[in-house]
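Please open the model in a viewer and keep the sequence beside it.

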Amino acid sequence: MTNQQLKLRSMIVTALFAAIIGVLAQITIPLPLVPITGQTLAIGLAATILGSRYGTLSVLLYLIIGSTGVPVFAELSGGISKLVGPTGGFLVGFVPAVFIIGFYMEKTGFTFKNAMIANTIGMIITLAFGTTWLKISADLTWAQALAGGFTPFLVVGLIKAALASWIGIIVRKRLVSAKLLFSIHPNIKQESL
């Protein structure tokens with residue numbers, strides 16, 4: 001199989017992950033300011049499975065689709081207003097989070113331990129972006145923003161980080177062995193649990 005064919009397959013998997021993020025975003029537990037969604041689990045999976053480049057592309061594709069009005073954001077919502085509204089910081093925070101998760105794993109290896117560290121860092125990045133934007137856009141105090149956009153998500157975020165790490169490493173290994181995904185950095189430890 002040529003590099004072109006492998007890249008095409010990786011782009012198809014990238015587009016598939018944009019759709020997966022949209023589907024998992026519909027799993028929602030409502031909270032007063034910011035709901036708990038399956039979106040962040042999907043972000044961790046995209047980064048863990050696809051790495052920094054294709055993971056980031058999948059998130060950007062998801063955000064572009066959602067910002068055009070397609071109802072792929074939480075609670076079947078869409079539109080640019082979601083990106084600039086009170087929860088927009090979480091959506092925008094997905095981009096640096098997925099890049100850093102993937103980049104960390106590309107530098108250290110695709111193992112469960114590294115994935116857990118990377119996904120925890122990614123969770124904190126997403127929460128930091130989201131909480132900061134929530135404070136600004138909703139004109140809240142830092143205490144209110146932390147209580148509504150950070151603290152309630154820590155335990156659930158760690159659970160999602162563990163799930164994304166465990167499932168992501170298994171799925172990545174299978175996609176690589178099926179030649180549906182290729183390693184951009186062949187010199188690193190790729191698929192050990």
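**First selection: Gln-39**

Select Gln-39, which counts as buried because its relative accessibility is 6% (buried means under 20% relative accessible area, exposed over 50%, partly exposed in between, with a 1.4 Å probe and protein chains only). The model is predicted: local features need pLDDT of at least 70, side-chain atom pairs count only at pLDDT 80 or more, and totals for chains, interfaces and linings use all residues. Residues are numbered from 1 along each chain as its sequence is written, and side-chain values use heavy atoms, with hydrogens and water left out.

Gln-39 belongs to helix α2 (helices are DSSP runs of H or I with at least four residues, strands runs of E with at least two, numbered from the N terminus). Next, show its contacts (heavy atoms within 4.5 Å): beyond four places in sequence, Gln-39 touches residues including Ile-21, Tyr-62, Phe-73 and Phe-94.

Now display the largest pocket, with a volume of about 540 Å³. Of its 32 lining residues, those closest to its centre are Thr-37, Gln-39, Thr-40, Phe-90 and Phe-94. Elements giving two or more residues to this lining are β2 (36–37), α2 (39–67), α4 (88–108), α5 (112–137) and α7 (154–177).

A pocket is an open set of points on a 1 Å grid over the protein atoms alone, where a 1.4 Å probe fits, with protein on both sides within 12 Å along at least five of seven lines; lining residues have an atom within 4 Å of a point. Grid points are joined across faces, edges and corners, and the volume is the space filled by probe spheres set on the points.

**Last selection: confidence**

Finally, colour by pLDDT (the predictor's confidence in each residue, from 0 to 100). The chain averages 89; confidence is lowest in β2, at a mean of 81, and highest in α4, at 97.
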